[in-house]
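Dear colleague,

Please find below the structure that I am handing over to you. My notes on its charged side-chain pairs follow.

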Amino acid sequence: MSASEPTQDVVRISIDRGLLRGLGVALGAGLLLALTEAFGMSGTSLLFRLGYWLPLMLIGAGWGHLCSLLVERYVDMDRRPLMAVVALTLVMSGPLVVIVWAFTGWFFDDDRSVDLARLPDFIGPVLVVTGTISALNVFLARTPVQTHAAAPGAKPARFIDRLPFKLRGAAIRAVSSEDHYLRIHTDRGSDLILMRLSDALTELEGLEGAQTHRSWWVAKDAVRDVSRGDGRATLTLEGGVEAPVSRRYAKALRAAGWY
């Protein structure tokens, strides 16, 4: 397979790590809101409150994941995490206000009716909850995904099967995103495959490495040098490829002994 003709070998379903994290945060927040009888829900049963909060929070998590994909195109979350939180909150809140208003009317009123005059009452609560959840997700994402070497006798990393024919048997040094494709950097050159980095990170388990940037994974044993400038670090890999280290991941990688 050449770089000009990338194809996808096998379709494998893999849930995005960011979505999983968002769903976990949403479920935790929904449970907390139900237990604390938040927003005037005292006097109702715990089961009733869970039935209200958990579906709403899961809907919000799914919508938030889609919004985060949009916001990441325009806001550098590594450099401006607070701006990312504000942007994500604003983008999410408009549709969520309508969803929460409609769901609340349907859930609480016996006749399943909705009152348009009450719509503005939901703006403040939705902004508070959405802003809090957005902040948690943005700052929790500052921990890089790390992969580990396979144990003796264990199966090798599944990602190895993705290598194009001309790179079969090569040592993988890094994987980087290019639009909808991944460039695989090896000791025999590089090539493109059609795949998301979030899916590749799951299949790279079995090779020791880490995500150094939102668009890069690097094999630890391929690192030959590190340089710093403008508050950032750059890893020079065997063969001369340079991989960026984002501010988001720098502290965790430094603590793990990468540099």
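Arg196 is partly exposed, at a relative accessible area of 43%; buried here means under 20% relative accessible area, exposed over 50%, and partly exposed in between (1.4 Å probe, protein chains only). Its salt-bridge partner is Asp199, with 3.1 Å between the closest N and O atoms. Asp199 counts as buried, at 11% relative accessibility.

Please note that this is a predicted model, in which local features need pLDDT of at least 70, side-chain atom pairs count only at pLDDT 80 or more, and totals for chains, interfaces and linings use all residues. Residues are numbered from 1 along each chain as its sequence is written, and side-chain values use heavy atoms, with hydrogens and water left out.

In total, the structure holds seven salt bridges (a side-chain nitrogen of Lys or Arg within 4 Å of a carboxyl oxygen of Asp or Glu). One of them joins the side chains of Glu37 and Arg49, at 3.6 Å from N to O. Glu37 lies in the loop between helix H1 (17–35) and helix H2 (46–71), and Arg49 in helix H2, so this pair ties together parts that are 12 residues apart in sequence. Helices (H or I, at least four residues) and strands (E, at least two) are DSSP runs, numbered from the N terminus. Glu37 is partly exposed at 33% relative accessibility, whereas Arg49 is buried at 6%.

Lys166 and Asp191 also form a salt bridge, their closest N and O atoms being 3.8 Å apart. Asp191 is buried, with a relative accessible area of 0%, while Lys166 is partly exposed at 49%.

Finally, a network of salt bridges links Arg173, Arg224 and Glu238.

Yours sincerely
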